[in-house]
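Hello,

Here is the structure we talked about handing over. My notes on it follow below.

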Amino acid sequence: MKEVIIDPNWEEQEAQQQAERERLEAASRAARRGGDVPWEDAPPSWEEQPAPPAEPEPKPAKEPLRAEGELRAELVAEGVEDAAAEPEEDVVVPRAVKEYFKAFISGGILSSNQAIKLYPYMILAAALAVAYIGNILQMQKMYDYQVKLSNQVKELRTKSLTYTAIRNEATRRSSIEARIDARGLGLKKSPAPPKPIE
């Protein structure tokens, strides 16, 4: 553990800081009254408004601690510590964590009593994983088959519409007459309307 050095002049530093704060507050009040002039350059005719009484700061029970950089510089100056040496930071790894990783890497974790008690659950989890993977593959096959069938239905529907349009065109009266004339069969349209047979 490092030794903590306490600054003996902390009261004087606090008093200086308080005086600086009061000077800055007075300058800001002067600027708010209409002047851009800093308080030190203000004319003596200005009347300074009394500052509100400052609350006394509670005196700390212990003297404040100094920054680590200051302590290190002071220790180096006294020759207690080497300037080139880096501050040591020990990383403490719990013993249980070390033992767990050692057992995990060596494979000993699977032969412990707790792991042996969990074997049925591990087997169940492995079986469920295999079933889940098999189910996913089966669903992919079914989906591919469904897509293939839907594509075939679309093609057959297109062919059906095409054949229906060709048949409708071929069975029209005008197209039948044009084919009869093209073949030269000599058939003519009857001038008399058809008579119903009684």
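**Salt bridges, a surface patch and a pocket**

Glu20 has a relative accessible area of 38%, so Glu20 is partly exposed. Please keep in mind that this is a predicted model. Glu20 forms a salt bridge with Arg23, with 3.0 Å between the closest N and O atoms. Arg23 is also partly exposed, at 32%. Both residues sit in helix H1 (residues 10-32), 3 residues apart, which is about one turn of the helix.

The count of salt bridges comes to 4. Another one joins Arg95 and Glu99, at 3.1 Å from N to O. These two lie in helix H3, 4 residues apart, again about one turn. Arg95 counts as exposed at 66% relative accessibility, while Glu99 is partly exposed at 44%.

Helix H3 (residues 95-106) also holds Ile105. Ile105 belongs to a nonpolar surface patch with Val93, Val97, Tyr100, Phe101 and Phe104, and together they have about 620 Å² of accessible area. Exposed means over 50% relative accessible area, so Ile105, at 71%, counts as exposed.

In helix H6 (residues 173-183), Arg173 and Glu177 are 4 residues apart and form a salt bridge, with the closest N and O atoms 3.5 Å apart. Both also line the second largest pocket, along with Ile176, Ile180, Asp181, Leu187, Lys188 and Lys189. That pocket has a volume of about 150 Å³, and its lining has 3 nonpolar, no polar and 5 charged residues.

As for the whole chain, there are 6 helices and 0 strands, and 7% of the 198 residues count as buried.

Regards

Methods: Residues are numbered from 1 along each chain as its sequence is written. This is a predicted model: local features need pLDDT of at least 70, side-chain atom pairs count only at pLDDT 80 or more; totals for chains, interfaces and linings use all residues. Side-chain values use heavy atoms; hydrogens and water are left out. Patches are made of residues with over 30% relative accessible area and no salt bridge: like charges are joined within 9 Å, nonpolar side chains (Val, Leu, Ile, Met, Phe, Trp, Tyr) within 5 Å. Accessible areas come from the Shrake-Rupley method with a 1.4 Å probe; for residues, only the protein chains shown count as cover. A salt bridge is a side-chain nitrogen of Lys or Arg within 4 Å of a carboxyl oxygen of Asp or Glu. Buried means under 20% relative accessible area, exposed over 50%, partly exposed in between (1.4 Å probe, protein chains only). On a 1 Å grid over the protein atoms alone, a cavity is a set of points where a 1.4 Å probe fits but cannot get out, and a pocket is an open set with protein on both sides within 12 Å along at least five of seven lines; lining residues have an atom within 4 Å of a point. Grid points are joined across faces, edges and corners, and a volume is the space filled by probe spheres set on the points. Ala, Val, Leu, Ile, Met, Phe, Trp, Tyr, Cys and Pro count as nonpolar, Asp, Glu, Lys and Arg as charged, and the others, Gly among them, as polar.
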